[in-house]
Amino acid sequence: MKDLKYLAAFSIPLFAFVGLYFQGYWAWATPVFAFLCIPVLELIFPVDTDNFSETEVNSRLKQKVFDWLLYLNLPIVFGLVIYGLFIIDTNNIEAYEFVGLIFSVGIVLGVNGINVAHELGHRQTTNERFLGKALLLPSFYMHFFIEHNYGHHLHAATPEDPATARYNQSVYSFWLTSTVRQYFSAWSIQKKLLKNTNQPFLSTKNDMLWYTLFQILYLFVVFLLFSKTGFIFALASGVVGFVLLETVNYIEHYGLLRLQTKSGRYERVREMHSWNSNHVIGRIVLYELTRHSDHHYKSSKKYQILDCHDESPQMPYGYPTSMVLAMLPPLWFKIMNKRVPKEMILN
């Protein structure tokens, strides 16, 4: 039964549903829960640094429940988006409710959409990767699949990586640089993949063209069925979703850099090139994303068996709390800068 703890990840879409159903001030229930209640719970619950034995790892890999807990996010995410569009279209919503519902659904798109898509995108089966790409659709971040798998994991913790925040870079600056650079990086990677297989740009193998088409069609269908207000709701909640992702990207590698060898190449990615957090609430809600060091050390490992490494840089707070702190750059720098290894700081 303890393995069902990841059901807690559905608490965020549950609060979003409550907000959509009751409206009024309940429209803001999800942001309050995600960025106030969860950080408080992280401070109350203990840090868990335990790793699984080889026997436990083998057992957990055989249990399909961990996979189905991920798959279940697909109907939940799209169900909430459709329900949200229906509520917006059929009710007289006040401005403060409209904004609150945008943030509520947007948080779900980030946590239960993009975050789960990230996990499924590393799987080897076509069906799981398809589910991951589908979960990226309502956040207009389908290019993330290409850039993350073929770019970020290769260049993480280097200046070449759009998703690695520089030392003393604010999260607000990072939102812009990471979003823009990742998009163009995805196109660059796509062109190289086509060239490697002797495919022309206008090819059915050009996934970036398909992603662009699907995302435009998604917004077009929303506009046809739910008019301008629904279009704004879908567009704005999608933006909230990918900004949430970029905030996570910001704290995952902030200030960390791989050193260059005498040959000029970067050292291989190690456990010390990602920030790790063992705060149990964040671990559960984010499907162990907070054990990010081990994920980069071996990206094929499933979330339920990720380890904690003593040599990994440790965050003083969980990921949800750290995301809140990142919104206050002077406070973030004061807490985190002294934790960045001195040899990684570029002069």
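Which side chain makes a polar contact with the side chain of Lys301?

Hi everyone. What you have on screen is a predicted model, so local features need pLDDT of at least 70 and side-chain atom pairs count only at pLDDT 80 or more, while totals for chains, interfaces and linings use all residues. Residues are numbered from 1 along each chain as its sequence is written, and side-chain values use heavy atoms, with hydrogens and water left out.

Let's start with the overall fold. The protein chain has 14 helices and zero strands, where helices (H or I, at least four residues) and strands (E, at least two) are DSSP runs numbered from the N terminus. The radius of gyration is 20 Å, close to the 20 Å that the globule rule gives for 347 residues, so the chain is as compact as a globular protein of that length. For the record, that radius is taken over C-alpha atoms, and the globule rule is 2.2 Å times the number of residues to the power 0.38. Along its principal axes, the C-alpha trace spans about 65 × 55 × 45 Å.

Now for burial and surface. Of the 347 residues, 55% are buried; buried means under 20% relative accessible area, exposed means over 50%, and partly exposed is in between (1.4 Å probe, protein chains only). The accessible surface comes to about 16,400 Å², and 65% of it belongs to carbon and sulfur atoms. Those areas come from the Shrake-Rupley method with a 1.4 Å probe, and for residues only the protein chains shown count as cover.

How about contacts, meaning heavy atoms within 4.5 Å? Among contacts between residues at least 6 apart in sequence, 73% join residues at least 24 apart.

The mean positions of the 29 positive and 26 negative charges are 7 Å apart. Here Lys and Arg count as positive and Asp and Glu as negative, with His and the chain ends not counted; each charge is placed at NZ of Lys, CZ of Arg, CG of Asp or CD of Glu.

Back to my opening question. The partner is Asp307: its side chain and that of Lys301 make a polar contact at 3.2 Å. By polar contact I mean a pair of N or O atoms within 3.5 Å; within protein, one must be able to donate a hydrogen and the other to accept it, and residues adjacent in sequence count only if both atoms are side-chain atoms. You will find Lys301 in the loop between helix 12 (292-297) and helix 13 (319-326). This lysine counts as buried because its relative accessibility is 17%. Leaving aside neighbours within four places in sequence, Lys301 is in contact with Glu119, Asp294, Leu306 and Asp307.

The loop between helix 12 and helix 13 also holds Pro316, which counts as partly exposed at 24% relative accessibility. Beyond four places in sequence, Pro316 is in contact with His279, Ile335, Met336 and Arg339.

Next, some backbone geometry. Most residues other than glycine have a negative phi. Asn168 is not a glycine, yet has a positive phi of about 70°. Asn168 sits in the loop between helix 8 (144-155) and helix 9 (171-196) and is partly exposed, at 44% relative accessibility. Asn198 also has a positive phi, near 55°. Asn198 lies in the loop between helix 9 and helix 10 (207-253) and, at 72% relative accessibility, counts as exposed.

Let's finish inside the helices. Is Phe174 buried or exposed? At 0% relative accessibility, Phe174 is buried, and its place is in helix 9. Phe174 and Asn249 are 75 residues apart along the chain, with their C-alpha atoms separated by 9.1 Å. Leaving out neighbours within four places, contacts of Phe174 include Pro162, Gln169, Glu246, Asn249 and Tyr250.

In helix 8 we have Gly151, buried at 2% relative accessibility.

Last stop, helix 10, where we find Val222. Val222 counts as buried, at 4% relative accessibility. Again setting aside neighbours within four places, Val222 is in contact with Leu85, Ser227, Gly230, Phe231 and Ala234.

Notes:
Contact means heavy atoms within 4.5 Å.
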